[in-house]
Amino acid sequence: MFDPFWKLALGLFTGILFGVLLQKGRVAKYQVILGQFLLKDWTVVKIMGTAVVVGAIGIYALLPTEAVSLHLKPLDWGRIVTGGLLFGVGMAVLGYCPGTGVAACGEGRKDAMIGLVGMLTGAGLYVAAFPSIDNFLQRFGSAGKITLASVTGTSPWLWIGGLIALGLVGILMFGHERPKQVSAKRKRPHQVTG
Amino acid sequence: MRRLARRVKVRRQPQNPFSTMEDRHMKRVVTAKSWSPYLVGAGIGMHSWFAFLSADHPLGITTAMEHTAALAEQAVVPSLEENNKYFEQESPKIGWQWMLVLGVFIGGLVSSLASGDRNAPAVPPLWHQRFGPSKTKRFVAAFIGGVLLLLGARIAQGCTSGHGISGTLQLAASSWLFTAIIFATGIATAFTLYGREGRNHV
């Protein structure tokens, strides 16, 4: 039931760094997540976009050395589509995703703590209803563990290059814009930000 | 010029030997309420190299929550283990990922304490403006949101971290589809809840 101690300690260390990054990135905040979904505050896209580009370069550069291996999730159509729909609605209602929700609990946000109780309840429902959920979702078939590169028969570096180019264009076009809420806050200094 | 000279002089005579300029700069980094999103993004990207290299594991959150719930159910309803094929396929445990989630909590706590960023109201202003000041209303919605979130994450076998960052950076087709769907439904839900008017209250 327990991993060896070194592995637990390593997980804790990795998590603390991740939590600090999420908190300093301001994504453990309701108004930043909702600001992204209302297409007003682009912090989430900036962070995720940069993380994906930087992460992809490192992982694919390390892959030939066999220091890392890929951990792909299969493209089970029923699972990805149903799960994505539920997740998107849940994230907009709660205002946090699982990782940022846990960081938000660390930040002392009470609504995130209630959200975490909801998350554990949701996980419990999934486990309890697993046989019927699994039976139902398997009907929709699976495309297996494929990547954008493998399914198109192209080099992963073509895709990573494309992502880098997309990121640079994004930064050049929008990168200089300050989050709009800064000016909104100045206009209404009495307003407490959530 | 004189003012500049005075400033230089002050900097050359730190009040205590540990408060060098580098120390003060480090302190400002720690006490800052936020870092550049690009810097944080690059940090998370490099952090995922570390997770792959050190633990051979992508950063992810919700498997640990699923295992926690499964262990609790196993303890409360032992018969579940025989009747539910979940326990044939999965062996829930307290492992690297469970500690990762605990670490995220501690990281959020430490980082927010360092910057004093801890005065968030239970009812966020955007919510307050649209649905009123009731804490109960907000908490009920947060609970339901949490349930939907984890049901979705476990059905899709990943969340914003597991699919949205760790999966997309491996170019997994499943993760790109999942991320596109969560952004589309998140945007649709947010505009349904708040309308265009809500944008003025973010």
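Modeller: Helix axes are lines fitted to C-alpha atoms over the stretch in contact, and angles run from 0 to 180 degrees between N-to-C directions. Helices are DSSP runs (H or I, at least four residues), numbered from the N terminus. This is a predicted model, where local features need pLDDT of at least 70 and side-chain atom pairs count only at pLDDT 80 or more, while totals for chains, interfaces and linings use all residues. Residues are numbered from 1 along each chain, chains are lettered from A in the order written, and side-chain values use heavy atoms without hydrogens or water.

Colleague: At what angle do helix 1 of chain A and helix 7 of chain B pack?

Modeller: Angles under 35 degrees count as roughly parallel, over 145 as roughly antiparallel, 65 to 115 as roughly perpendicular and the rest as oblique. Helix 1 (residues 5-24) of chain A and helix 7 (residues 96-115) of chain B pack at about 40 degrees, with axes 5 Å apart. The two helices are therefore oblique to each other.

Colleague: How many salt bridges are there over all chains?

Modeller: Side chains of opposite charge can pair when their charged atoms come close. A salt bridge is a side-chain nitrogen of Lys or Arg within 4 Å of a carboxyl oxygen of Asp or Glu. The whole structure has 8. One of them joins A:Lys29 to A:Glu107, with the closest N and O atoms 2.9 Å apart. A:Lys29 lies in the loop between helix 1 and helix 2 (30-37) of chain A, and A:Glu107 in the loop between helix 5 (98-106) and helix 6 (110-128), 78 residues apart.
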